[in-house]
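Visitor: I am new to this structure. Please take me through one part of it closely, then show me how the surroundings look.

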Amino acid sequence: MKYECSRVCARRLLSHAIMATTMTLGASTAFAQTDYYNTDAGRPLLIEDAYATERYAFELKVASFSLERLSRGRYNAGLEPEIAYGILPRTHVEIGLPLAFADIGDGSTRSGIAGLELSAFHNLNVETRTLPALGLRTDVLFPVGALGPDRTYMALKGIATRTFSAARIHVNGQYTFGSDPAEGANHVELPRWLGGVAVDKTLPLKSLLLSAGFFAKQSLERAEDPDYNVEAGFRYQTSPSFLLDAGLGHTLTGPERGWSFTFGTTLAFAARSLMPVRSGR
Amino acid sequence: MRYVTGTLGRILMLSAGVIALLAVDSRSAAAQWSTTYEQFYLPGSFNWEFRRSYPAADKLFNAFDYGHAILYERLYTQPNAPASVLEEKEYDFITRKLLRNPPRVPLEEAAIEVQYAKLAPEAKMMFEWAHLLHRQIYDVWADERLNVAEKDRLVGDLLSYYRSRKDLAFSTVPKTMDLMEGQYYATAFRERYPKFNGLIWAYHWLQVGLYEPLIRGESSAERQTGVVAAVARFWQMLESPPDGMPVIMPMTAAISPAFAERYPDAAIIFDNLHSMHDVISDILASPKVPRNRKRAEILKAAGRYRDDTSFVMTRAEARRWISCPIFRPRLWLAVPSTPEITARMLPRQLQHPPPRRLLTCMARHPRLPSRRHTRMAIRRRPGRRWPGWTTAQCTRKPSRLTR
C-alpha cells in the first residue's frame with residue numbers, strides 16, 4: 001500500500017525499514033529454507049509466479065518497504081509487514097498490516113494502520129511439459145485503521161508461469177470487485193484491474209533471480225486512464241532461511257510518471273506443533 | 001463489463017495470447033496434470049547444525065545438487081550429444097570448479113534441470129524429499145548438544161515425518177537388483193558415461209559414508225576428524241576417474257554399517273533413493289526408451305520404489321547380499337571411527353597422520369579441504385606425528401584405500 005507523504009516521512013520510513021532489516025539479519029535462529037526462485041507480489045515485482053508457500057512454512061516479510069517518487073517532488077511510501085503460512089498443499093494464506101505515514105496536506109504527517117489485508121493463494125498445478133503452472137489468488141482488504149479504505153474490497157488474480165531454459169515468464173491478470181471509493185475517502189492502492197507480464201532469469205549457482213516486468217493497471221476510481229509501468233529487480237538468498245529483494249519501477253504514462261523503489265526481507269520458519277509428528281522436541 | 005473495452009480489451013487479448021503461448025501443447029494436457037507439492041522440513045534446534053559444524057562437507061552437498069540436476073537435464077535435452085558433453089565438459093566443470101568452490105546454499109534444482117523438472121516433477125520431488133531426510137539426519141548427529149538417546153528419538157521423528165508423505169517417500173523394504181539391473185534400459189547410462197556415473201556413485205558414497213564417523217565418533221573431535229577423512233577419501237576417488245571411483249552402487253550397509261544397523265529403515269530408504277537415481281539416468285540415456293515414453297517409465301519406476309510389494313526381498317536377504325565379497329574389495333567399507341582407521345581413509349600421501357587439531361581446523365574451514373590443500377597443510381608440518389599413532393597403524397591394509 002502506498003500513501004502520499006513528505007520527504008521527511010519518507011526518510012523516516014526508510015530508517016524503519018533499515019532498522020527492521022538489521023534486526024532480522026541479526027536473528028540467529030533460522031529454521032527453514034526460503035525460496036528466492038518463487039516470487040511474491042511486490043517482492044520485488046508486482047507480477048508474481050504461480051507457486052504458493054511450501055506446506056507448513058511460515059514466511060515472515062518484515063521489512064517490505066516501498067518508496068515512490070512522483071512528479072513535483074512528492075513521495076508515496078509504505079511499510080507492509082506480512083506473514084504467509086502454507087496451510088494446505090499448494091495453498092497459503094497471508095495476512096498483511098500495511099503501515100502508512102501520510103502527508104495530510106499542511107506539512108504535517110499522520111501515521112497509522114492502512115487496512116488489514118488477508119490473502120489466499122492456491123496453486124492449481126505444477127508446471128509440466130504441456131501446461132504452465134497456474135495459480136489463483138484472492139485478496140481482501142478490510143477497512144481497518146485510520147488510513148484504511150472506506151469499505152471492504154476483494155480482488156481476484158489469475159497467474160500463469162512457464163519456464164524455458166533461458167528464462168521464466170509469468171502472466172498475471174487481476175480484477176477488484178466493489179463500487180468506487182466514496183469521495184474524500186483514503187486512497188486505496190488496489191487496482192480496478194491489472195494485467196502484466198514478467199520475465200525471470202535465474203543464476204542458480206549464485207542463488208540470485210533477476211526479474212523485469214511490464215504491467216498496466218487502472219485505479220479503483222476508474223475516472224483515470226490506465227497507467228503503464230515497467231519494473232526490474234532481484235531476489236537474493238543470503239542463507240538457507242533468509243532472503244533479500246529489491247526493485248525499481250517507473251510509470252510510463254498517466255499524470256504521475258514517477259519512479260518507485262522497493263526493498264524487502266523474508267525469514268522462513270516452521271512450527272513443529274503444526275506438523276504431523278507427535279513426539280520429540 | 002463496460003470497462004472491458006479499449007485498452008483493457010487489448011491487454012486481455014495480449015494476456016490471452018501470452019497464456020496461449022505458455023501452454024505449449026494441449027494435446028496431451030490431461031496426462032501432464034501434476035499436483036505434487038513442496039513441504040517444509042521438520043523444525044528443531046538441530047536445524048542447520050551440520051552446516052554450522054561441518055561447513056566444508058555441507059557445501060559439497062550443495063554442489064552435488066548441481067551434478068544430479070545437470071545430468072538429467074543434459075540427458076533429456078541433448079540425447080544425441082557426444083558423450084564428451086557430460087564426460088568432459090560437465091565433469092571438468094564440476095570437479096575442477098564447482099566442487100572446489102561449492103555454492104553457499106542448497107541449490108534450486110528446478111532452475112538447473114528446467115526441462116527435466118517439467119518432464120517428471122513427481123520424481124524430482126521424491127528426490128528432494130529424500131535429500132531433506134539425508135540433511136536432517138546429518139543435522140541431528142552434528143548437534144553436540146544432544147545425547148545419543150535424543151538423537152535416536154529425533155531420527156525416529158524425522159523418519160515418521162518423511163513417511164507421512166506417501167506420495168514421495170521411498171519404501172523401507174529392500175528392493176532387489178532386478179529393479180535396477182533387470183530392466184530393458186538398464187546400464188545404458190553407466191556404459192556410455194562411466195566417468196560421470198562414477199562421480200554420481202562417489203557422491204552417493206559420501207552421502208551415506210558421512211553417517212559412519214558422525215555415529216561412531218565418540219567425541220566432537222573424533223567426528224570432525226572422521227568427516228574430514230571421509231571427504232578426503234571422496235576427493236581421492238576423483239583423482240583417476242573412473243578407475244578410482246566405486247565400480248558398483250554404494251550400499252549403505254556396506255559403507256556405513258553402524259548407521260545401517262542403528263537405522264535400518266533410513267538405510268533402505270537411501271539405497272532405494274540412490275538406486276532410483278541410477279534408474280532414471282538409464283531411462284533418460286537409453287535409446288530403447290522412446291522420448292514420449294520417458295515420463296511414463298520414470299513414473300513407473302518411481303511407483304515401484306515407493307511401494308512395499310514389487311521387486312522386494314527380506315532384510316535378511318539384503319544383508320546376505322550386501323555381505324557378498326564382491327562389495328568388499330571394490331568399495332571402501334570403513335569410514336573412520338578411530339585414529340587408525342582415519343589414517344587409512346586418507347590419501348596415501350597423507351598416511352602420516354596429521355594432528356587432530358589440524359584436521360578439525362580444516363573441517364571448519366569454509367573452503368573445501370581439497371587434497372591439494374590438505375597436502376600443503378601436511379607439508380608445512382613435516383615429520384609431525386600424533387602421539388599414539390604408528391606408521392604400521394597408518395599404512396595398514398592400504399589396498400582398501402587404493403584398490
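Predicted model: local features only at pLDDT ≥ 70, side-chain atom pairs only at ≥ 80, totals over all residues.

Guide: Now take helix 6 of chain B, residues 121-142. This helix has 22 residues. From its first C-alpha to its last it reaches 31 Å, close to the expected 32 Å. Is helix 6 of chain B enclosed by the rest of the structure, or open? Largely enclosed, because 17 of its 22 residues are buried.

Step back to the whole chain. Chain B holds 23 helices and zero strands. Of its 403 residues, 51% are buried. Take the contacts in chain B between residues at least 6 apart in sequence: 82% of them join residues at least 24 apart.

One helix pair shows the packing. Two packed helices are described by the angle between their axes and the distance between the axes. Helix 4 (residues 84-98) and helix 10 (residues 194-209) of chain B pack at about 35°, with axes 8 Å apart. Helix 4 of chain B brings L86(B), E87(B), Y91(B) and I94(B) to the contact. Helix 10 of chain B brings K195(B), F196(B) and L199(B). By class, five residues of this contact are nonpolar, two are charged and none is polar.

Strand 4 of chain A, residues 75-79, is mostly covered, with five of its five residues buried. Y75(A), A77(A) and L79(A) point one way, N76(A) and G78(A) the other. Strand 3 of chain A, residues 65-69, runs antiparallel to strand 4 of chain A, and five bridges join them. There, R69(A) stands opposite Y75(A).

Technical notes:
Residues numbered from 1 in each chain as written. Chains lettered and ligands numbered in written order. Helix = DSSP H or I, 4+ residues; strand = E, 2+ residues; numbered from the N terminus. Expected span 1.5 Å × (residues − 1). Buried ≥ 20, exposed ≤ 12 C-beta atoms within 10 Å, placed from the backbone. Pairing = 2+ DSSP bridges. Contact = placed C-beta atoms within 7 Å. Axes fitted to C-alpha atoms, helices over the stretch in contact; angles between N-to-C directions. Nonpolar A, V, L, I, M, F, W, Y, C, P; charged D, E, K, R; others polar.
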